[in-house]
Amino acid sequence: MNVHVLFDQSGMLPDAYGKYCAETDKIGWSCVRSFPFEVTDLPAGTVALAWVFLDWDSVPVCGFPWMHWAAWTSVPPSTVAEGLGFALPDNASRQSADIHQGWNSAAKDPDRSAKTGYVGPCPPNADHVYTLRVVALDQEPQIAEPFWANELIGACRGHVLGEASIPLPSRC
C-alpha cells in the first residue's frame with residue numbers, strides 16, 4: 001500500500017492547502033481546503049480507508065501534536081478488485097458527503113468555527129513536517145461523528161489490512 005501527494009516545485013505541500021491559501025479557503029486563521037491524495041496497492045478485502053494528519057513538530061510550540069484531520073471513507077469493492085488506486089479529490093473535506101470526519105485540535109477553542117474536518121498547516125515558528133497516515137480496513141469504523149482521533153484509531157484496531165504514511169513538509 002502506498003500513499004501519494006503532489007508537492008510543489010520546492011518539495012512542500014502546495015500553498016493552496018496551508019498557511020498561504022486563498023482567503024476564500026480560510027476560516028479564521030486556518031485553511032479548510034483539504035489536499036488531494038491517492039492510495040495505491042490496496043490490500044485485498046479493503047472496505048474502508050481511515051487517515052490522520054498530524055503535526056509532530058508542534059509539540060515544542062503548543063505542547064502536543066496538532067491534529068489537522070481525522071477521517072475515514074468507504075472504498076468501492078470494484079476499486080480493490082480491479083487493482084485501481086483510490087483518489088481523494090481536492091477539497092474533499094468540505095465538499096464530499098462520503099467522508100466521515102472527526103474533531104481537529106481547534107475543537108476546544110471557543111473562537112473557532114472549523115472544529116471538525118481538515119484544518120491546514122499553519123506553522124508559526126519554522127517549516128514543519130506533517131505526517132499523513134492512511135490505513136486500509138476490512139470493515140467501516142463503528143463510530144459516530146464527530147469523533148476524536150483516538151476513537152478512530154481504536155475503532156480500527158483488529159481491522160487493519162495495510163498502512164502507509166508520507167511526510168508532508170509545509171512552509172512557515
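Trainee: In this predicted model, what makes the 3 strands in the order 1-4-7 a sheet, and why is that sheet called open?

Mentor: Two strands count as paired when at least two bridges are found between them, and strand 4 (residues 37-40) and strand 7 are joined by 3 bridges, so this pair meets the rule. The pairing in the sheet 1-4-7 is antiparallel, and one of the contacts behind it sets V39 against F86, its bridge partner in strand 7. As for the word open, strand 1 (2-4) and strand 7 (86-88) stand at the edges with a single partner strand each, so that one side of each has no neighbour in the sheet. Neighbouring strands here are turned against each other by 15° on average, direction ignored.

Trainee: What makes the strands in the order 8-6-5-9-10 another open sheet?

Mentor: The same cut-off of at least two bridges can be applied. Strand 5 and strand 6 are linked by 8 bridges, strand 5 and strand 9 by 7 bridges, and strand 6 and strand 8 (residues 99-101) by 3 bridges, so each of these pairs passes the rule. The 5 strands form an open sheet with antiparallel pairing, in which strand 8 and strand 10 (160-170) are the edge strands, each pairing on one side only. From one strand to the next, the twist averages 20°.

Trainee: Which residues stand opposite each other across these pairs, for instance opposite D55, A71 and V52?

Mentor: D55 faces W66 in strand 6, A71 has Q101 of strand 8 opposite, and V52 lies opposite R133 in strand 9.

Trainee: Why is strand 6 described as mostly covered?

Mentor: A residue is called buried when its relative accessible area is under 20%, and 8 of the 9 residues of strand 6 (residues 66-74) are buried, which is the ground for the description.

Trainee: Which residues touch the most other members of the largest nonpolar core, and what gives the most to that core?

Mentor: Among its 27 residues, F35, F37, W51 and L132 touch the most other members. Strands 4, 5, 6, 7, 9 and 10 each supply at least two residues of this core, and strand 9 gives the most, with 4 residues. Membership asks that residues be buried and joined through side-chain atoms within 4.5 Å.

Trainee: What kind of peptide bond joins E145 and P146, and where is P146 placed?

Mentor: The bond is cis, with omega about -15°, and P146 belongs to the loop between strand 9 (128-137) and helix 4.

Trainee: What makes one empty space a cavity and another a pocket?

Mentor: Rolling a probe the size of a water molecule over the atoms shows where empty space is left. Where a 1.4 Å probe fits but cannot get out, the space is a cavity, whereas a pocket is open. By this rule there is 1 cavity of 30 Å³ or more, and the largest cavity holds about 40 Å³. Its lining consists of L13, P14, D15, G18, K19, Y20, S170 and R171, which divide by class into 3 nonpolar, 2 polar and 3 charged residues.

Trainee: What is the volume of the largest pocket, and which residues lie nearest its centre?

Mentor: The largest pocket has a volume of about 250 Å³ and is lined by 14 residues, with L54, P65, M67, S105 and A149 nearest its centre. That lining comprises 9 nonpolar, 3 polar and 2 charged residues. Strand 5 (48-55) and helix 4 (149-156) each supply at least two of the lining residues, and helix 4 gives the most, with 3 residues.

Definitions and conventions. Residues numbered from 1 in each chain as written. Predicted model: local features only at pLDDT ≥ 70, side-chain atom pairs only at ≥ 80, totals over all residues. Heavy atoms only, no water. 1 Å grid on protein atoms, 1.4 Å probe; cavity = no way out; pocket = protein on both sides within 12 Å on 5 of 7 lines; lining within 4 Å. Points joined across faces, edges and corners; volume = space filled by probe spheres on them. Nonpolar A, V, L, I, M, F, W, Y, C, P; charged D, E, K, R; others polar. Axes fitted to C-alpha atoms, helices over the stretch in contact; angles between N-to-C directions. Buried < 20%, exposed > 50% of the residue type's maximum accessible area, 1.4 Å probe, protein only.
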